[in-house]
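Good morning, and thank you for coming. Please look at the sequence and the structure together, and I shall go through some of the contacts.

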Amino acid sequence: MTNEIPFLKPVMALLFISLGTFVLKYGSPILQPLALATFLALILQMPVSAAEDRGFPRYLAVLAVTIIILLSGIGIYKFALLPAQQMILETPELETELRSKMLELRRSFRGAQDATENIKKAAEEVTAIVADDKVQEVIVREPGFLSSAALSFFEILSIFALTVVFTSFLLAARRPFLILATLPFSGFTSKRHAAQTWRDAEHKLAHYFLVTSIINTGLGFAVGLSLWALGMPSPALWGVAAALLNFIPFAGLFIGATALSLVSIITYDTLLLAMLPPAAYLFINLIEANFITPSLIGNHMKMAPIAVVLALTYCGWVWGIVGLLIAVPLLVLIKAVSDESRKMVPLRRMLTRRT
């Protein structure tokens, strides 16, 4: 019997992970907004409790926080989602312009006469095809694309609405997470230690999110102003997008730089001018990642890169953009708890970046 135990534990762990992944993936319509609301409630629990300690009724503090969340969502929709939706609806035209610009760039790099003629013929064929009224009608009125765009919008709206509702209910309750954290323990000393561990974890998570939000907001303003100075269209959209994407380590910078490079190629006539906006975006991110964030957050909350990559890969695969957004806060919370628990020392070593 003892020889079967080493083989039984990995099998049970694999089955547990598979079952958990199945539940997370197919229960995402409810679990995604619930997970977002849980992290928002954890982050906003401290200001709500602080307002209550100063004599404000808890329901008024929760109402104020809910209004702030709603206004933030409306602002993100107005300055980011609405312009992005308009840009997506113009994708056929943008794709045609991008192909023409890429053909022009290829032609400028190739001096041979035969290559130039072939590229020119290809560009003329693309232009002739797009100029056809029937082709334009098929592209613009393609029902699958518009249906998927509308579906994505309503999915975002439903996730946001459920997140606001769940957050309000979690904040209205008096420290439900603290009760859950101390529930498995029976003795007074162990309960007190668990309560203190959880309070410290909440404080670290709230501090991390607050400082990160301030940094990302400043980065968004810097990106928006620099792109406005360079003449990029919709600089507010790019500023908000840069701020939001910066919550996603590694992948966010890649997505933002790639999208900005493509639009820059369409916007500007020369390659040199087209490279200025993505170069400014990368330079601002370089300053933020190497100087501003380390000085404000400190190395004690820095995660091991492999842990961040694995968390982003798994959470992104299971929940898409929502998983990417909550992957790092989840690691911060787990690390904050492991910092205060002697039994979780191996996990803390795995999550902590080596300096």
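Lys25 sits over the face of Trp317, at 4.8 Å from the ring centre; a charge counts as lying over a ring if NZ of Lys or CZ of Arg is within 6 Å of the ring centre and within 35 degrees of the ring normal. Before I continue, please note that this is a predicted model, in which local features need pLDDT of at least 70, side-chain atom pairs count only at pLDDT 80 or more, and totals for chains, interfaces and linings use all residues. Residues are numbered from 1 along each chain as its sequence is written, and side-chain values use heavy atoms, with hydrogens and water left out.

Trp317 also has an aromatic partner, Tyr314. Rings of Phe, Tyr and Trp (for Trp, the six-membered ring) pair if their centres lie within 6.5 Å; planes under 30 degrees apart count as stacked, over 60 as edge-to-face and the rest as tilted. By this rule the count is 3 aromatic pairs. How are the rings of Phe209 and Phe247 arranged? Their centres are 6.0 Å apart and their planes are at 25°, so this pair is stacked. Phe209 belongs to helix 9 (residues 188-229), whereas Phe247 is in the loop between helix 10 (235-245) and helix 11 (251-267), so that the pair links distant parts of the chain, 38 residues apart. Helices here are DSSP runs (H or I, at least four residues), as are strands (E, at least two), numbered from the N terminus.

Phe209 is partly exposed, with a relative accessible area of 29%, and Phe247 is partly exposed at 23%. Buried means under 20% relative accessible area, exposed over 50%, and partly exposed in between (1.4 Å probe, protein chains only).

Let us return to Tyr314 and Trp317. Their pair is tilted, with 6.4 Å from centre to centre and 55° between the planes. The two residues are 3 apart in helix 13 (residues 305-319), and are therefore separated by about one helical turn.

I now turn to helix packing. Two packed helices are described by the angle between their axes and the distance between the axes. The axes of helix 2 (residues 28-53) and helix 14 (residues 321-339) come within 11 Å and cross at roughly 40°. Axes are lines fitted to C-alpha atoms, for helices over the stretch in contact, and angles run from 0 to 180 degrees between N-to-C directions.

Contact means heavy atoms within 4.5 Å.

Leu333 is buried, with a relative accessible area of 11%. Not counting residues up to four places away in sequence, Leu333 touches Phe39, Leu42, Trp198, Ala201 and Leu205. Leu333 and Leu205 are 128 residues apart in sequence, yet 6.0 Å apart in space, C-alpha to C-alpha.

Val337 is also found in helix 14. Its C-alpha atom is separated by 6.7 Å from that of Trp198, 139 residues away along the chain.

Of its 355 residues, 35% count as buried.
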